Amino acid sequence: MARRKRKVVNSDDALAAIRSAINNTASFGSSFNFWTPKKGETAHFRLLPPVKGMPEGAFFVQIAFHFLKRLGGPNDIVCPRLTFAKNEPCPICELRSKLLADGEEQIANLLRPSKKYLMNVVVREEGEKPVVYDCRTTAFQQIVGIIGEYGVDIFDLEEGWDLSVRRDGEGLNTVYNVMVHAKAGICALSEDPDTVDEILEEAPDLYEYAQNGLNRYSEEDLNNLISELFGEGDTSQSIADHHEVQSAVAYNSAHNDGDVEEAKRYFRKRSSRT
Ligand SMILES: [Zn+2]
């Protein structure tokens, strides 16, 4: 019996339509349906292949943020170096390298970028619609390992594989366990070909999102932010002397030692001054 292979649509017209939709929608990002597994639960999902203008093989996009709230700055600052693999200059990463070179590892850790991987999936428990999996590094590495083992067959729309993910623990101790959903076996994305088309049509172009849908600061803005946080003299010593920095380092080291109460005390001390 001849197998019918369905190709993922990749027409220039469709891409142009999305680009125009993005330009006309200020809140493109907020229209997304982001998903992440719930604590203590196992979910089953199907990875979608690249859709629309996403390059072949690129079923995910990497984005990264610097969380500067504990230093008195804003959270969720997009890291230009690690987002969309653009490798653009990032003053915060540069400052972090300088701190590392000067042996200030604890302070450098406060500036460490946090990576996320976005991918289109259909969560079996949530019906036949695409959602954007907001995936952490450890789970992503497991997914990549599974693809290494099973090859691209895993994405096959008619004869692919579902995955399962279990989330345990909380905070910094959150653990994800991704596996092939062996019990489901080889299966279609959907039994109904029209539904498959609808899912692929509805799934967003994640490359487009990483490029245009995130709030970004310019290099100049990031330099200004650093001056605002640490003063003009951004030498390692002057940063280490900074009160917010000392408080944040104390918080982190208490947290790493497992002394949550002590960490909270530092956090309260900091919060009460603002
Ligand atoms: Zn950065």
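Biologist: What is the mean pLDDT of the chain?

Modeller: The model is predicted, and 81% of the residues reach a pLDDT of 70 or more. The mean pLDDT of the chain is 82.

Biologist: Over which residues is the pLDDT below 50, and over which does it stay under 50?

Modeller: Where pLDDT is low, the predicted coordinates should not be read in detail. One such stretch has 10 contacts in the model beyond near neighbours in sequence, and another has 18 contacts beyond four places in sequence. The stretches are residues 1–11 and residues 14–30.

Biologist: How many helices and strands does the chain have?

Modeller: Of the 274 residues of the chain, 27% count as buried. Among contacts between residues at least 6 apart in sequence, 63% join residues at least 24 apart. As for secondary structure, the chain has 10 helices and eight strands.

Biologist: Which residues have the most contacts inside the largest nonpolar core?

Modeller: In soluble globular proteins, nonpolar side chains tend to be buried together. Here the largest nonpolar core has 56 residues. Those with the most contacts inside this core are Leu 118, Met 119, Val 121 and Tyr 133.

Biologist: With which residues is Leu 118 in contact, leaving aside its neighbours within four places in sequence?

Modeller: Leu 118 is among the residues with the most contacts inside the core. Leaving aside neighbours within four places in sequence, its contacts are Phe 60, Val 61, Ile 63, Val 132, Tyr 133, Asp 134 and Leu 206.

Biologist: Why do the buried residues of H4 line one face of the helix?

Modeller: Helix H4 covers residues 137–150 and reaches 20 Å from its first C-alpha to its last, close to the 20 Å expected at 1.5 Å a residue. Its buried residues include Ala 139, Phe 140 and Ile 143. Seen down the axis of H4, the buried residues line one face because they fall within an arc of 100°.

Biologist: Which residues are exposed on the other side of H4, and which strands do its buried residues pack against?

Modeller: On the other side of H4, the exposed residues are Thr 138, Gly 145, Gly 148 and Glu 149. Just after the helix, Gly 151 takes a positive phi of about 75°. The buried residues of H4 pack against strands E5 (114–123), E6 (130–136), E7 (163–168) and E8 (175–180).

Biologist: Within what arc do the buried residues of H2 fall?

Modeller: In helix H2 (residues 91–101), the buried residues are Pro 91, Ile 92, Leu 95, Arg 96 and Leu 99. Seen down the axis of H2, they line one face of the helix, because they fall within an arc of 145°.

Biologist: Which elements do the buried residues of H2 pack against?

Modeller: On the other side of H2, Ser 97 and Ala 101 are exposed. Just after H2, Gly 103 takes a positive phi of about 80°. The buried residues of H2 pack against E3, helix H3 (105–110), helix H7 (219–230) and helix H8 (236–240).

Biologist: Is Lys 52 buried or exposed?

Modeller: Lys 52 is placed in the loop between strand E2 (42–47) and strand E3 (60–66). Its phi is near 50°, a positive value in a residue other than glycine. The cut-off for burial is 20 or more other C-beta atoms within 10 Å. Lys 52 has 21 such atoms, so the residue counts as buried.

Biologist: Which residues does Ser 164 touch, not counting residues up to four places away in sequence?

Modeller: Ser 164 lies in strand E7. With 18 C-beta neighbours inside 10 Å, Ser 164 counts as partly exposed. Not counting residues up to four places away in sequence, Ser 164 touches Thr 42, Ala 43, His 44, Met 179 and His 181.

Biologist: How far apart in space are Arg 167 and Ala 43?

Modeller: Arg 167 lies in strand E7 and is partly exposed, with 19 other C-beta atoms within 10 Å. Arg 167 and Ala 43 are 124 residues apart in sequence. In space, C-alpha to C-alpha, their separation is 8.8 Å.

Note on methods
Residues numbered from 1 in each chain as written. Helix = DSSP H or I, 4+ residues; strand = E, 2+ residues; numbered from the N terminus. Buried ≥ 20, exposed ≤ 12 C-beta atoms within 10 Å, placed from the backbone. Contact = placed C-beta atoms within 7 Å. Expected span 1.5 Å × (residues − 1). Arc of directions from axis to C-beta. Core = buried A, V, L, I, M, F, W, Y, C linked by C-beta atoms within 7 Å. pLDDT = per-residue confidence, 0-100.
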